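Please consult the sequence and the structure shown below while reading.

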Amino acid sequence: MTTTASADTTAFKEQVRDQITAASPLSGRGVALQLAFVVGPRRAWPNLWKATIDALGSILGRDDGAREWNARDGRIIDLGLHCAVDPAAGDGVTIAIRASAIGEEVTA
């Protein structure tokens, strides 16, 4: 998946959410999550991971009555964050997501 918006904007979260809407929340209580980012040299990639996780409600689920960006991130018990810098990426960000719980796997 790709994004172009600044990570501190709602547009960034919307771009992530809109690209994973077909996903269903993983079952169980714990989730292993791997996020890999390809960014340009001007991007501060540590700013990207929290906004990305906030937008993963369709994978992590949300509690009843929770607001849009309140994904059940407390379910993440194994987290890997990866980054590669590619000067050709410019202001764009490519994100690969791998999430699994109780033998189920989702890749986006």
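**Charged pairs and surface features**

Arg29 is found in the loop between α1 (10–19) and β2 (31–39). The coordinates belong to a predicted model.

- Along the chain, Arg29 and Arg72 are 43 residues apart, and their C-alpha atoms are separated by 9.8 Å.

**The Asp63–Arg72 pair**

- Arg72 takes part in a salt bridge with Asp63, in which the closest N and O atoms are 3.2 Å apart.
- Arg72 is partly exposed, at a relative accessible area of 31%.
- Asp63 likewise counts as partly exposed, with 49% relative accessibility.

- In general, side chains of opposite charge can pair when their charged atoms come close.
- Asp54 meets Lys13 in a salt bridge with an N to O distance of 3.3 Å.
- This pair links distant parts of the chain, since Asp54 belongs to helix α2 and Lys13 to helix α1, 41 residues apart.
- Asp54 also meets Lys50 through their side chains, in a salt bridge of 3.0 Å from N to O.
- Lys50 and Asp54 are separated by about one helical turn, because they stand 4 residues apart in helix α2.

**Burial within the network**

- Asp54 has a relative accessible area of 9% and is therefore classed as buried, the limit being under 20%.
- Lys13 is buried as well, with a relative accessible area of 16%.
- Lys50, by contrast, counts as partly exposed at 46% relative accessibility.

**Nonpolar surface**

- Trp49, Leu79 and Leu81 make a nonpolar surface patch of about 230 Å².
- Trp49 lies in helix α2, which spans residues 46–54.
- The relative accessible area of Trp49 is 32%, so this residue is partly exposed; membership of a patch requires over 30%.

Methods: Residues numbered from 1 in each chain as written. Predicted model: local features only at pLDDT ≥ 70, side-chain atom pairs only at ≥ 80, totals over all residues. Heavy atoms only, no water. Patch = residues over 30% accessible without salt bridge, like charges linked within 9 Å, V, L, I, M, F, W, Y side chains within 5 Å. Areas by Shrake-Rupley, 256 points an atom, 1.4 Å probe, with all protein chains shown as cover. Salt bridge = Lys/Arg side-chain N within 4 Å of Asp/Glu carboxyl O. Helix = DSSP H or I, 4+ residues; strand = E, 2+ residues; numbered from the N terminus. Buried < 20%, exposed > 50% of the residue type's maximum accessible area, 1.4 Å probe, protein only.
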